Amino acid sequence: MLSEVTKCGQILADEKENLAKRFRALFTLRNIVCEDSIDAIGKVLLEDDSDLLKHECAYCMGQMKDPYALPYLIQTIKDEKQHPMVRHESGEALGAIGKHTEDILDLLKFYSKHNVRELSETCDLALDRLKWYNDENERKESLSPYNSVDPTPSFPDSMSLSELKDIYLGESNSLFERYRALFTLRNIGTPEAIQIICQGFFGSPTDSALFKHEVAFVLGQIQSLDSVDALTKKLADVDENEIVRHECAEALGSIGKSQIISQYLDDRSRIVRESCQVALDMADYYNDESQFDFIEQTGAKEQQVA
C-alpha cells in the first residue's frame, strides 16, 4: 500500500499536474487510511495554491476520521490567510473526526464567533455534532446510506414530509435542525423529497450560503435528474456565493451534465472554474466508468467531491 500512497502523494502535490487527476489521486489516498496518506494530504492542505483542492483535502481528512489529521486541520482553521471555504471545511472535519478534547471544543467555540459567517456557522454545527455524539449518551454514529460522514444525524424515519419541509425551509430554525431535515429528505429520496430539497436554494437573500452549499452537495449525492434545473439556476447566478456555485457545478458533474458545466470553464471565480474542470472529469467517469481504472482499483468509485 505504501507504494500506492507514494505514487498518489506525488500526483496530488504536483501543481503542474492536471487538477482532475490530482483530485483522483486524493480520492485514492482517502481510501488508504494511514499516517503516510494523511501526511500527503496535509502537506497539500497547508501549502497548495488551489483553494478548491485544499478544501477537498480537509473534507477527505474528516471522512477518514483519523485523529492523526487533527494538527493539520487545527493549523488550517487558525490561518487567516486561508480561504474561508478551506477553513470552514477544516472545521467540519474536526466535527467529523469526533474528538471531544477540551482543546478542540475551545477552538470550535472560539471560531463559532468569527466574523466570517461560513466559518462561524460550520463551527457551531461541529460543536452541535460533538454534543450529539458525546460519551455520555447512547447514540451511535454510523455512515449514511451514501457512505459519508454527515455533519449532522438525520431525523427518525417516522417524520412526515410536511414536518421535514417546515423544519428544512424554516430560516429561523437552527442550522443543525435544518441539516437534519436535509439529510432525512435525502435518505427518503423520492421525487417529492428532492423537490423540497431544491426549494432550499431559493429562500430569502439572507439565508445561509453554507446551508445552500450543503443542499447542492446532497443533490450531488442523490444524482437525480429532478434536481438539474435547480442546480443549473444556482450555478448561473453570478451573485451567489462561490461556495454554493462550485458545489452546484460538482453536483451537475455527478449527474453527468457536461454540456451545462462546460459553459462555466471561464467563469470569473477561480473556485467555480476549477470545480467545472473536476466536474467534467466526474461526468466523464459516470458516463464511462471504464476509463479510470486506477480509481476503481482503490474503491474511489464510491467517493464524491465536497
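Predicted model: local features only at pLDDT ≥ 70, side-chain atom pairs only at ≥ 80, totals over all residues.
Biologist: How many cavities of 30 Å³ or more come out of the count, and about how much space lies in the second largest cavity?

Modeller: The count gives four cavities of 30 Å³ or more, and the second largest cavity holds about 80 Å³ of space. Its lining is made up of 13 residues, of which Tyr59, Glu92, Glu214, Phe217 and Ala306 are the closest to its centre.

Biologist: What makes this a cavity, where another space is called a pocket?

Modeller: The term cavity is used for a set of points where a 1.4 Å probe fits but cannot get out, whereas a pocket is an open set.

Biologist: Why is the second largest cavity said to lie between domain 1 (1–136) and domain 2 (152–305)?

Modeller: Both domain 1 (1–136) and domain 2 (152–305) give residues to the lining of the second largest cavity, and therefore it is placed between them. Two or more residues of that lining come from each of helix H4 (51–64), helix H6 (84–97) and helix H12 (209–222), with H12 giving the most, namely three residues. By residue class, the lining of the second largest cavity holds five nonpolar, three polar and five charged residues.

Biologist: What lines the largest pocket, and which residues are the closest to its centre?

Modeller: The largest pocket has about 280 Å³ of space, and of the 20 residues that line it, Tyr133, Ser142, Thr152, Pro153 and Ser154 are the closest to its centre. H8 and helix H10 (175–188) each supply at least two residues of this lining, and H10, with four residues, gives the most. The lining of the largest pocket divides into seven nonpolar, six polar and seven charged residues, and at least three of its residues are drawn from each of domain 1 (1–136) and domain 2 (152–305).

Biologist: Why is Asn147 called partly exposed?

Modeller: Buried means under 20% relative accessible area and exposed means over 50%; Asn147 has 29% relative accessibility, so it counts as partly exposed. Asn147 is placed in the loop between helix H8 (117–132) and helix H9 (161–169).

Biologist: What is to be said about the phi of Asn147?

Modeller: Most residues other than glycine have a negative phi. Asn147 is not a glycine, yet its phi is positive, at about 60°.

Biologist: What is the phi of Gln223 near, and why is Gln223 called partly exposed?

Modeller: Gln223, also a residue other than glycine, has a positive phi near 60°, and it is found in the loop between H12 and helix H13 (228–236). Its relative accessible area is 34%, so Gln223 is partly exposed.

Conventions:
Residues numbered from 1 in each chain as written. Heavy atoms only, no water. 1 Å grid on protein atoms, 1.4 Å probe; cavity = no way out; pocket = protein on both sides within 12 Å on 5 of 7 lines; lining within 4 Å. Points joined across faces, edges and corners; volume = space filled by probe spheres on them. Nonpolar A, V, L, I, M, F, W, Y, C, P; charged D, E, K, R; others polar. Domains from an automatic or database assignment. Buried < 20%, exposed > 50% of the residue type's maximum accessible area, 1.4 Å probe, protein only.
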